[in-house]
Amino acid sequence: MKRLVIVSNRVARVKNKSGAGGLAVALASTLRESGGVWFGWSGKVAEVAVDAPKISTTGGVTYATVDLNEDDYRDYYKGYANGTLWPLFHYRVDLTSFDRSYYEGYLRVNALFARQLAPLLKPDDIVWVHDYHLIPLGEELRRMGCTMPIGFFLHIPFPVPQIFTTLFNHKKLVRSLLEYDLVGLQTKSDVKALVEYITQEMGGTVSGDGIANYRKYTSRIGAFPIGIDPEEFSALACSPDAQHQSERMKESLAGRKLVIGVDRLDYTKGLLERLRAFDRLLELYPDNQGHITLVQITPRSRSDVPEYIDMRHELEAAAGRINGRFAEFDWVPVRYINRAYSQRSLAGLFRASDVGLVTPL
């Protein structure tokens with residue numbers, strides 16, 4: 001049986017899934033079923049990088065992690081991945097940093113990952129690389145002589161050519177993508193954007209079944225929407241812990257309706273716009289005052305990035321303004337919570353809710 005090797009920026013041993021992102025939860029579920037290897041950054045920043053990954057095995061899954069040094073963390077992670085690709089791919093050109101030194105660090109860390117991953121691979125492995133942090137990784141592995149199937153999945157949108165071409169190295173990134181045997185995207189719109197780039201900007205071709213050809217490169221492109229396991233989440237919602245959370249929430253509401261939002265602290269989620277909309281609702285439809293409560297759970301994200309620090313302060317201020325304007329001694333319209341909950345606890349809170357509010361920009 002072929003072994004699955006998953007590569008992502010971060011490696012997470014997801015147990016109760018508290019604070020884990022969607023990517024970590026999805027990958028952990030996959031590896032629990034199939035077994036295999038999970039390779040990536042440990043999340044630690046070390047003064048001196050080591051020459052080999054740290055290896056451990058739990059529940060049939062081998063975890064291989066690499067530490068980054070300060071320069072790599074700054075240039076690869078904070079700089080190019082989260083200062084350039086993340087905002088640009090979410091159509092926030094105004095927040096995008098165009099710093100060539102960040103790109104050099106991005107390539108440097110991808111080459112480091114390839115050097116440390118390659119000795120762990122077997123000829124019949126299937127390698128599955130994840131997300132915008134690691135676009136060049138497949139190319140680096142091919143350069144080292146790895147011939148096994150290598151796939152890539154992008155967990156964020158792929159921007160239209162008019163946005164993507166604002167990057168000075170846009171063609172190099174897509175050439176790196178075409179080193180993968182299979183490139184998976186979330187939606188048909190994302191596939192359309194990538195296909196348009198390949199055909200219009202690079203002069204390549206893409207067949208009706210998604211086979212892209214450009215010079216020596218051939219790759220298949222497709223939409224593979226990712227989601228949670230609904231049966232697993234339904235079971236969580238029926239667990240004793242979830243029921244306890246649900247009952248606690250209902251008791252605290254005293255019969256009021258609950259609107260809930262659960263989002264990582266990020267400017268793509270429309271959180272400030274959400275609070276302003278709720279403020280407007282209470283103003284225009286005062287019958288809701290005293291009868292509905294918005295619970296907004298927003299775990300901190302990238303807490304050392306200035307844009308995220310500013311956003312957290314803005315959200316806290318916005319929640320305070322709404323509560324100052326509308327609250328009564330026995331009712332607070334917005335409960336803003338800046339920490340993570342386990343999936344089991346969230347399932348219980350969702351059970352107690354009347355409305356789930358999702359407002360991505």
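**Close-up views of a predicted model**

**View 1. Strand 9 and strand 10 form a hairpin with 2 residues between them, and Arg215 in the turn has a positive phi of about 50°.** This is a predicted model, in which local features need pLDDT of at least 70 and side-chain atom pairs count only at pLDDT 80 or more, while totals for chains, interfaces and linings use all residues. Residues are numbered from 1 along each chain as its sequence is written, and side-chain values use heavy atoms, leaving out hydrogens and water. Helices (H or I, at least four residues) and strands (E, at least two) are DSSP runs numbered from the N terminus. Strand 9 and strand 10 (residues 217-223) run antiparallel and are joined by 4 bridges; two strands pair if DSSP finds at least two bridges between them. Within this pairing, Ala212 has Ser219 in strand 10 as its bridge partner.

View 2. Look for Val206, which stands opposite Ala212. In a regular strand the side chains alternate between the two faces of the sheet. Strand 9 (residues 211-214) has Ala212 and Tyr214 on its covered face, with Ile211 and Asn213 on the uncovered one.

**View 3. An open sheet of 4 strands has the order 13-12-11-14, with parallel pairing.** Its edge strands, each pairing on one side only, are strand 13 (334-337) and strand 14 (355-356). Between strand 11 (residues 257-262) and strand 14 there are 2 bridges, and the two run parallel. Val259 faces Val355 of strand 14 across this pairing, standing opposite that residue. Helix 10 (residues 271-284) packs on the sheet, touching strands 11, 12 and 13, and its direction makes about 170° with that of strand 12. Helix 9 (residues 240-253) lies across strand 11, strand 12 (292-297) and strand 13, running at about 145° to strand 13. Contact here means heavy atoms within 4.5 Å; axes are lines fitted to C-alpha atoms, for helices over the stretch in contact, and angles run from 0 to 180 degrees between N-to-C directions.

**View 4. Helix 2 (residues 70-89) and helix 3 (residues 100-117) pack at about 115°, with their axes 8 Å apart.** The two helices are therefore roughly perpendicular to each other (65 to 115 degrees; under 35 is roughly parallel, over 145 roughly antiparallel, the rest oblique). Helix 2 passes helix 3 in a left-handed crossing, meaning that the near helix is turned anticlockwise from the far one by less than a right angle. From helix 2, residues including Asp71, Arg74, Tyr76 and Leu85 take part in the contact, and they meet a set in helix 3 that includes Tyr102, Arg108, Val109 and Phe113. The contact residues divide into 9 nonpolar, 4 polar and 5 charged, with Ala, Val, Leu, Ile, Met, Phe, Trp, Tyr, Cys and Pro counted as nonpolar, Asp, Glu, Lys and Arg as charged, and the others, Gly among them, as polar.

**View 5. Asp131, a residue other than glycine, has a positive phi near 80°.** Asp131 sits in the loop between strand 5 (126-130) and helix 4 (137-143). With a relative accessible area of 7%, Asp131 is buried (under 20%; exposed is over 50%, partly exposed in between, with a 1.4 Å probe and protein chains only).

**View 6. Ala254, also not a glycine, has a positive phi near 55°.** Ala254 belongs to the loop between helix 9 and strand 11. Ala254 counts as exposed, at 58% relative accessibility.
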